[in-house]
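Below are my comments on the model, as numbered points. Please read them with the coordinates open.

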Amino acid sequence: MVNKQRTIEKILEPPAPHWVGDAFRVHNFFPGNGLMTLQRMSPFFLMDYGAKIEFPATETPRGVGVHPHRGFETVTIAYHGKVAHHDSAGHAGVIGEGDVQWMTAASGVLHKEYHEKEWSKKGGMFQMVQLWVNLPAKFKMSPPKYQSLERKQFGKYLLPNDGGEVEVIAGKYNEVVGPAFSFTPVEMYNIRFNSGGKADFSLPQSYNTGCVIIEGTVKINNQPIDTDHFVLFKNDGTNFTMEASENAIVLLLSGEPINEPIVPYGPFVMNTKEEIMQAYDDLNKGKFGYLED
Ligand code: MN
């Protein structure tokens, strides 16, 4: 592999937020803002970024009620606050600061997503990312699956000169491997910089690659990027650098594109219109199981 610099294609400001239920105020970086095509970040289909927001205490947890998914995976990364999940495949879990929930809807689940009960009673700062990771046709009707990944399980690469660490959620960074199982090749890292930290990255040119600045500001290929911004890289090379002159956190995503037609509709991401109609038919026939509200 020839090492060549991968350059920045565009830097996106956070688009106007919208609410998902009453729990998640999110900025949809893709595919909704029209600045990227549906396939531009494939295998990542959607990124909802929940920038920092303060929630007052409440006895009734805020959330999103029971809804279906088919054909992909939802990956939720918590930075502040706690998220609880239940689904009709019998999986349930709570993730807190730094943890990741990786739910494979595949053939179909009903699920609900809430602020965790005890956290809700106190309220506080909330910040998270939800990704929809697409599945190739051959895995879209696989059985549902659930991975609850705690921060302490992540691979950890210490950056030189006390520069911070790269937490490897999925994939591999400098021989450090992440614990998440993915159906297609995916690299997902939380880069937690200390002031003065630097990191080099080399990812296959064909992999679609982007990052969001969760905390602080960083320089990517010497270009300053502000908090809450998304950086889309061109597929014109492999290598890029990041450095931080203050404490900063960056979520980096990179993956091998799934080169198949894509038909998204509501909570489903399939390959054809017929499969979308089939999904609604199966939902109406109760084939997604049952989940109490
Ligand atoms: Mn959902």
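Which residue in strand 12 is the bridge partner of Met-103?

1. The partner of Met-103 is Tyr-146 in strand 12. Strand 9 and strand 12 (residues 145-149) pair in the antiparallel sense over five bridges. Two strands count as paired if DSSP finds at least two bridges between them. Helices (H or I, at least four residues) and strands (E, at least two) are DSSP runs, numbered from the N terminus.

2. On the basis of the comments: this is a predicted model, in which local features need pLDDT of at least 70 and side-chain atom pairs count only at pLDDT 80 or more, while totals for chains, interfaces and linings use all residues. Residues are numbered from 1 along each chain as its sequence is written, and side-chain values use heavy atoms, with hydrogens and water left out.

3. Strand 9 (residues 100-104) also pairs with strand 6 (residues 72-80), antiparallel and through five bridges. In that pairing Val-75 stands opposite Trp-102 of strand 9. Strand 9 is mostly covered, with five of its five residues buried; buried means under 20% relative accessible area, exposed over 50%, and partly exposed in between (1.4 Å probe, protein chains only). Cover is found on both faces: Val-100, Trp-102 and Thr-104 are buried on one side, Gln-101 and Met-103 on the other. In a regular strand the side chains alternate between the two faces of the sheet.

4. The manganese ion has as protein donors His-67 (NE2), His-69 (NE2), His-111 (NE2) and Glu-113 (OE), at 2.1 to 2.5 Å. Donors are N, O and S atoms within 2.8 Å of the metal (3.2 Å for Na, K and Ca); water is not among the atoms, so the site may look incomplete. The sequence spacing of the donor residues is H-x1-H-x41-H-x1-E. Because His-69 lies in strand 5 (residues 63-69) and His-111 in strand 10 (residues 109-115), this pair ties together parts that are 42 residues apart in sequence. Both His-69 and His-111 are buried.

5. Four strands form an open sheet in the order 5-10-7-8, with antiparallel pairing. Strand 5 and strand 8 (92-95) stand at the edges with a single partner strand each, so one side of each has no neighbour in the sheet. From one strand to the next the twist averages 15 degrees, where axes are lines fitted to C-alpha atoms, for helices over the stretch in contact, and angles run from 0 to 180 degrees between N-to-C directions. Strand 7 (residues 83-87) is joined to strand 8 by four bridges, and His-86 stands opposite Ala-92 in strand 8.

6. A search of the whole structure finds 20 aromatic pairs. Rings of Phe, Tyr and Trp (its six-membered ring) pair if their centres lie within 6.5 Å; planes under 30 degrees apart count as stacked, over 60 as edge-to-face and the rest as tilted. Phe-268 and Phe-288 form a tilted pair, 5.9 Å centre to centre with 50 degrees between the planes. Phe-268 is in strand 26 (residues 268-270) and Phe-288 in the segment after helix 2 (273-284), so the pair ties together parts 20 residues apart in sequence. Phe-268 counts as buried at 0% relative accessibility, and Phe-288 at 3%. One aromatic cluster is formed by Tyr-157, Tyr-173, Tyr-189, Phe-201, Phe-233 and Phe-240.

7. Gly-286 lies in the segment after helix 2 and is partly exposed, with a relative accessible area of 41%. Gly-286 and Gly-93 are 193 residues apart in sequence and 24 Å apart in space, C-alpha to C-alpha.
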